[in-house]
Amino acid sequence: MADESEIEHRMGTHMAESDKDDLITIIDGEALEAEIPTVLPLMPVRDVVIFTDMLLPLFVGRERSVKAMEEAIETDRFLFLATQKDSTTEDPKPEDIYTVGTIARILRMLKLPDGQAKALVQGVVKARILQYVRKRSYYRVRIEPIAEVPFQGMTIETEALMRTVRDHANKILELRGELTSDVGNILEEIDDPGKLADLVASSLKLKIEESQELLEIADPVKRLEKVNEFLTREVEISAMQAKIQSNVRDEISKNQRDYFLREQMRAIHKELGETDELAEEIDGYKKRIKRAKLPNEVEKEALRQLKRLEKMHSESAEATIVRTYMDWLVELPWTKTTKDVLDIKHARKVLDSDHYGLDKVKDRILEYLSVRMLNPKMKGPILCFVGPPGVGKTSLGKAIARALKRKFVRISLGGIRDEAEIRGHRRTYIGALPGRILQGLKQCGSNNPVFMMDEIDKLGVDFRGDPSSALLEALDPEQNVGFSDHYLNMPFDLSNVMFILTANLTDTIPPALLDRMEVLTLSGYSEDEKLMIARKHLLPRQLRENGLRSKNLSLSQGALRQIITEYTLEAGVRNLEREIGSICRKVARKIAEGQKGPFQITRKNLHKFLGVPKYLPEMDQEHSQVGLSTGLAWTQAGGEVLYVEVSLYTGKGELILTGQLGEVMQESARAALSYARANHKSLDFEENIFENMDVHIHVPAGAIPKDGPSAGIAIATALVSALSKMPVKNYVAMTGEITLRGRILPVGGLKEKALGALRAGIRTIIIPEKNKKDLYEIPASLKRKLNFIPVSHMDEVLSIALEK
C-alpha cells in the first residue's frame, strides 16, 4: 500500500486508469460486486456524499461509527456509507439517513488513544437500504446494489456534453487557481460519462441535497446533464467573484478585507440559522426607535440611517459616526414630559422655605403657574435673573424646579467662545456632539425641564463664532419650536423648556439677546434681610454640614449683626455663610478635643472665633473734608461707595484724571469742570482761577478700573468744594449725572446703591428727581433707615451737600 500522503490528495479525489500504478490498485466495482455481502455495517456520514471510485479520508468519532468500522475491518473491510439529512444530529435515527448511499472498502485504519479512529475509504458501488437488520450499538443494513444504466455508446450529443463539462470544470479550476496539467489530463482521459459526472460532482461546492440527487441518478448521461447544469451556475458565480476580486484587488484595504470576510461569516451564520452581532445590533436599534416614540420626520431619518448602517462595515469609522448619531436620536426626550404640579400654595411654600424675600421673582413664578392652570399649552417663559454674586440666583432656579416638580438642568456659559457649544458640531468632524442645550435635555430625560444658563453676561466671541447669536434662536419663543442643532440637523421643540438665565450685569449682554428675555433684578439684601437669612437658612445648613446640633452652638442676634457689618461687605450672603461656617468648624474642633458645650457666641467673644473685624465702614470718612465727596456706584458685586477727591495747585489750567477712569467718567469730569467755569459768578469764585490752577481729580482705589454715568454730581460737588473751600458733608452720598447746564439726569441701580450706602454707614442720599419712581421698589424697612432727597439741578445738590 502506498504512503498516506499520496492517497489523501484532497477530499473528493478520483483515480483515473492511468494512476493505477502510481497510487494503489483500484478495486473494480463490477468484479467485486459478487463478493460484497448483502448485509453490511452502516456508518452515517455528515456534510459529504460519497460517489463511486472516490477516495476519502474520514475522521470517525461517534461510538456507533467506530464499532461499525471495527466490524468491517474484522470481516471483509466492506462498509455502507450513507449521508445523514441533518448534519447537526449526533445520534441519527433511520429516518434521518438517506436510503441511497455507497458501498466503500476500508483501505487503511488507524485507532487513536481516545477511542476515535482515522480511516481511508474508497467508494465501490452505489446501493440502496432495504432493511435495518440491527439497530443496537451500531446499524447493520440489508442492501441492494444499484446498477448503472448501460452506456449505449458515444454519440455526438454525449461527446459535446462531455467536452462542455470538461471546459466548465477547467474554467472553474482556473478561476480558483487549482488547475494543473495533471488534473487537465485526468479529465481528458475519462471517456465514461458516469465517471466524469461523479468526478466533477465531487469537486463542486454543492449542497448535500444536490449531491444526493446526483448520486441517485442511475443514468450516466442524465447525471452528466445535471452536473452540467450545476457547472454552468458555478461558472457564472466564479466568474463574477473573479471579476469583483479583480476590480478591487489594487484598492482593497485591510478594513475592506475584514468586511468581505465578515460578510462571508454572516452568510455562513445565516446558513447555520445563527444571528451575527450586526443583525442583533440592528434589531436592537429598531426596538429602541419604536420605544422612543419619535416624531414622524425624526423616525424616517432614524430608519434611513439604520439602513445605511446595515450596509456598512461594522468596524469602519463611518459606522461609528452613524451609531453615535442613532444613539442621540433615540435617547433624546422628543416626547418625554414631566407633569407640572399646578398647586399655587405648594409652590409658594417651597419658594419661601428656600429663600427669604425676593417677592418680585416669586410672584412672577406664581403668575406663570396660574396661567398654566388656565392655558396648559402656554409656552415656557425665558427669565433672566440679574444681580450681584451670592444673592441666590442659581439656588432660586433649583427652588423653582422643586416647586413645579420638574427636572433641573444647569450649564455655565462663562468663557464660552465657540458657537458649536450651543448649536453643536456638524457630523463631518471627528468627535462631533450636539450642543450644550441638547446635551442637558438628554441628561435630564425630559423635554420640559427648568433649564438654567449661568453667567450669560460672560459669553465670549472669537473666530469660531458668536455664541450669543446662536442663543437667539433657542431663547426666542417664536423660533425655538423648531430649534435646529448642527449635529442632529433635525428640529427639536424647546417651547416647553423654562429657560432661566443669570447675570451680574446687563451691560455686556447683546441688545438683541436681552430683548428676548424678561429681566428680573435681584438687588441684594439689607442688613435685616441678611439677619433673617442667616437665622433661618445659613446657620441651620452650616450646623448640619459640620455635624453639629443646635444645642451645641448658639449665635446671638448681636453677634450675627456684627458678622454682617464688620466681617463681610457684600450684596449677597456668600461670605456671610463662609464666616458662619468658620465658626462652626472651630466649635466642631473644640468638641472633638473633648470640650463640652454648649458654645454661645456673642459680640464679646466673636473675635476669638473670627479674629479682628475686617471692615469698619463708618470710619472711612470720619470728618467732613474739602474736596472730598461720596458717590455711589453699581458694580457686579452690588452697590458700593465711591469717593471722589479733588486737589488744586498752581499750574497752567490743566485737568488731570487718575484712578483708572473710563471714558464716560472722564467726560463727566470735563462736564463738571465746564459747569464750574461757566457758573463761577453764582458759585462765588474768581473767573481767572482756572488759568493759574491745575485741577487733579482722583477716584481711589487706583488699581480698580471704574466707569459709568452716575458720578457726575459727585465730581462736580468735590470740585466746587475745593474751589470754594467749603467741606462736603461726610454723611451725605449722591448719585446722578450732570449736564453743562447743571441739570441732573436719572441713573440706574438705585436699590443696589442704597444698600451700598447703608453698608457704609451713610443715611442721606441725594438722587435725581426722575428716580423718585424707583423708590417704590425699595423695601419700607430700607426707606425708614435712609433719607432720599430728590434734586433736579446742581444748585440744589450744592446747597444740601456743602457745609456753610
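**Packing of helices and strands in the predicted model**

The buried residues of helix H21 are covered by elements that include helix H20 (527-545), strand S15 (553-555), helix H22 (574-592), strand S16 (599-601) and helix H23 (606-610), where contact means heavy atoms within 4.5 Å. Helices (H or I, at least four residues) and strands (E, at least two) are DSSP runs, numbered from the N terminus. Within H21 (residues 557-567), the buried positions are Ala559, Leu560, Gln562, Ile563, Ile564, Glu566 and Tyr567; buried denotes under 20% relative accessible area, exposed over 50%, and partly exposed in between (1.4 Å probe, protein chains only).

The structure is a predicted model, in which local features need pLDDT of at least 70 and side-chain atom pairs count only at pLDDT 80 or more, whereas totals for chains, interfaces and linings use all residues. Residues are numbered from 1 along each chain as its sequence is written, and side-chain values use heavy atoms, with hydrogens and water left out.

Two packed helices are described by the angle between their axes and the distance between the axes. Helix H4 (residues 156-176) packs with helix H6 (residues 193-203) at an angle of about 20°, and their axes lie 11 Å apart. (Axes are lines fitted to C-alpha atoms, for helices over the stretch in contact, and angles run from 0 to 180 degrees between N-to-C directions.) H4 is therefore roughly parallel to H6, a term for angles under 35 degrees. On the H4 side, the contact involves Met162, Val165, Arg166, Ala169 and Arg176, which meet Pro193, Leu196, Val200 and Ser203 of H6. The residues of this contact comprise six nonpolar, one polar and two charged; Ala, Val, Leu, Ile, Met, Phe, Trp, Tyr, Cys and Pro count as nonpolar, Asp, Glu, Lys and Arg as charged, and the others, Gly among them, as polar.

Strand S7 (residues 139-145) contains Ile143, a buried residue with a relative accessible area of 4%. Apart from neighbours within four places in sequence, the contacts of Ile143 are Pro37, Thr38, Leu40, Phe80, Ile103, Ala127, Arg128 and Leu130.

An open sheet is formed by five strands in the order S9-S10-S13-S8-S14, with parallel pairing; two strands pair if DSSP finds at least two bridges between them. Strand S9 (408-412) and strand S14 (518-521) are the edge strands, each pairing on one side only. From one strand to the next, the twist averages 20°. S9 and strand S10 (residues 450-454) run parallel and are joined by five bridges. Val409 has Phe451 in S10 as its bridge partner.

Note on methods. Parallel < 35°, antiparallel > 145°, perpendicular 65-115°, else oblique.
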